[in-house]
Amino acid sequence: MAELDIFVAMLAIPLVSGALLTVIGERKWAPNLNVIASGCTFFAAALLTADIITNGPRFAMGEQFFIDSMNVFFVTLTAFVGMTTSIFSGPYMKNEHEHGRLTVARLRLYKSMFQLFMFTMLVALTTNNMGILWVAMEAATLTTVLLVSLYRTPASLEAAWKYFILCGVGIAQALFGTILLYFAAERVLGETGNALLWTHLVEVRGELDPSIMVLSFIFLLVGYGTKVGLAPLHNWLPDAHAEGPTPVSAVLSGLLLNVALYAVLRSKVLADGAIGGDFAGNLMMGFGLLTLLMAAFFLGRQKDIKRMFAYSSIEHMGLITFAFGMGGAVANFAGLLHMTMHSLTKSAIFFAVGHATQKSGTQLMADIRGLVRINPVIGWGLMLGTLAILGMPPFGVFASEFMILTHAMKYHPWATPILLLALGVAFAQIFGKVQPMVFGETHAKRLPHAPAITPVFLHLAIVLMLGLWIPPYLTRWFQEAARMLG
């Protein structure tokens with residue numbers, strides 16, 4: 001019962017606080033409520049994680065929700081990034097209000113939609129029902145559309161519309177894939193109401209019709225892959241990052257892409273059992289390499305700093321998709337580690353970028369210079385975050401990329417030159433653009449509200465620690481999740 005209470009609290013906190021902030025979000029203490037609610041959600045997630053590690057998987061609300069070693073890892077990461085983003089967004093959104101970019105009503109909308117977004121992410125991660133997973137992903141789309149369009153400029157409205165249309169097409173594909181999955185499962189499980197429960201599906205995956213599951217997985221991969229940012233349906237992501245508030249960029253890169261890929265991974269487990277062979281893995285490897293290459297070469301054409309790091313997110317999601325496509329204990333472990341490193345590092349980068357753009361008054365990289373002179377903490381935060389995301393040792397991204405590359409050299413040597421080319425191009429493009437922004441000359445002024453820089457270095461400290469040493473309990477956690485993926 002205690003475990004169920006913790007789980008219910010974890011879901012109820014963002015839902016209730018989101019509703020409360022909708023009503024009173026214009027009060028002066030509303031940002032503090034946003035932080036407190038996010039902190040309580042993370043505390044509940046940590047307690048739930050400790051219980052799952054100690055006592056094993058748990059069902060909740062009948063069999064509609066299921067928490068195991070794989071999804072509780074994502075739950076903790078999601079709650080942690082949500083908490084640090086809420087801390088960062090307090091002074092950031094105050095500065096936006098001071099500059100006249102946001103009204104009080106839109107600040108209220110931001111805080112309420114942020115909490116509802118967290119609620120949809122946690123529901124998507126913990127549900128045992130593939131249908132509820134689809135509903136939660138659609139709800140996440142609706143909340144983030146409102147967040148992306150928060151500034152109500154023509155560019156932000158266009159970005160929100162593109163995001164809604166492309167992700168709407170993707171989520172429709174995922175719905176069709178879910179219907180096909182139900183069609184295949186009902187033949188085996190009968191009309192018992194369990195045909196969309198993942199724990200029941202995984203038990204009979206070897207009996208599911210392979211021809212139906214081939215079509216189902218293709219639609220699920222393309223559908224949820226749209227929200228992952230996989231090419232060629234990635235176009236919404238750079239615009240959404242560039243035109244929405246920076247905290248939204250942080251949670252889009254750090255959370256939404258992970259949750260969408262989690263849905264793909266759950267589907268892959270079922271497809272592997274039903275189809276056999278490497279069909280699902282090869283498809284993911286193909287999409288991953290295409291996405292990685294495309295993003296690497298598009299990086300050099302970007303002039304907006306948030307668009308550039310959005311393409312960096314696309315690049316890394318392509319690499320992670322490729323890792324999970326290879327499969328096996330090492331590749332799955334590396335994929336999970338890289339997801340963690342990317343979420344923490346990229347959100348830290350967007351925190352630093354948000355304050356940098358506010359100080360410079362622009363998102364154009366050519367006009368952002370001398371960050372170490374304006375505010376050394378922000379300048380070094382951006383530089384260290386950039387080095388981390390580019391895979392420089394001893395940061396954790398280096399460890400996960402090294403594992404992915406060595407595994408590819410052993411089992412898929414044909415892919416190694418492609419990986420090295422894409423990673424090399426991305427390194428040159430990003431580092432060449434960030435270096436003058438940090439160390440160039442500038443005459444920018446200070447901001448009226450001091451930035452919340454603690455989340456930047458907290459994230460980077462964790463990434464650095466995991467590059468040097470992974471705690472044994474975290475290693476066992478990754479290993480168990482990797483084993484569940486096959």
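How many residues apart are Phe 427 and Phe 431 in helix α17? They are 4 residues apart in helix α17 (residues 416–439), so about one helical turn separates them. Helices here are DSSP runs (H or I, at least four residues), numbered from the N terminus.

This is a predicted model, in which local features need pLDDT of at least 70 and side-chain atom pairs count only at pLDDT 80 or more, while totals for chains, interfaces and linings use all residues. Residues are numbered from 1 along each chain as its sequence is written, and side-chain values use heavy atoms, with hydrogens and water left out.

**Aromatic pairs**

A search of the whole structure finds 19 aromatic pairs. One of them joins Phe 298 and Tyr 311, which are stacked at 5.7 Å centre to centre with 10° between the planes. Phe 298 lies in helix α11 (residues 279–298) and Tyr 311 in helix α12 (residues 305–326), so this pair ties together parts 13 residues apart in sequence. Phe 298 is partly exposed, at a relative accessible area of 31%. Tyr 311 is buried, at 7% relative accessibility. The cut-offs are under 20% relative accessible area for buried, over 50% for exposed and in between for partly exposed (1.4 Å probe, protein chains only).

The rings of Phe 427 and Phe 431 are also stacked, with centres 5.9 Å apart and planes at 15°. Phe 427 is partly exposed at 28%, and Phe 431 is partly exposed at 30%. Rings of Phe, Tyr and Trp (its six-membered ring) pair if their centres lie within 6.5 Å; planes under 30 degrees apart count as stacked, over 60 as edge-to-face and the rest as tilted.

Ring pairs also link Phe 73, Phe 74, Tyr 262, Phe 333, Trp 477 and Phe 478 into a cluster.

**Largest pocket**

The pocket has a volume of about 390 Å³. A pocket is an open set of points on a 1 Å grid over the protein atoms alone, where a 1.4 Å probe fits, with protein on both sides within 12 Å along at least five of seven lines; lining residues have an atom within 4 Å of a point. Grid points are joined across faces, edges and corners, and the volume is the space filled by probe spheres set on the points.

**Salt bridges**

The structure holds 8 salt bridges. Each is a side-chain nitrogen of Lys or Arg within 4 Å of a carboxyl oxygen of Asp or Glu. Three of them are listed here.

| Salt bridge | N to O distance |
|---|---|
| Asp 239 and Lys 162 | 2.5 Å |
| Arg 307 and Asp 239 | 2.3 Å |
| Arg 483 and Glu 480 | 2.5 Å |

Asp 239 in helix α9 (residues 236–243) and Lys 162 in helix α6 (residues 154–189) are 77 residues apart. Asp 239 is buried at 14%, whereas Lys 162 is partly exposed at 28%. Arg 307 lies in helix α12 and Asp 239 in helix α9, so their bridge ties together parts 68 residues apart in sequence. Arg 307 is partly exposed at 22%.

Arg 483 and Glu 480 are 3 residues apart in helix α19, about one helical turn. Arg 483 is exposed at 54%, and Glu 480 is partly exposed at 27%. Elsewhere, shared partners join Lys 162, Asp 239 and Arg 307 into one salt-bridge network.

Notes: Helix = DSSP H or I, 4+ residues; strand = E, 2+ residues; numbered from the N terminus.
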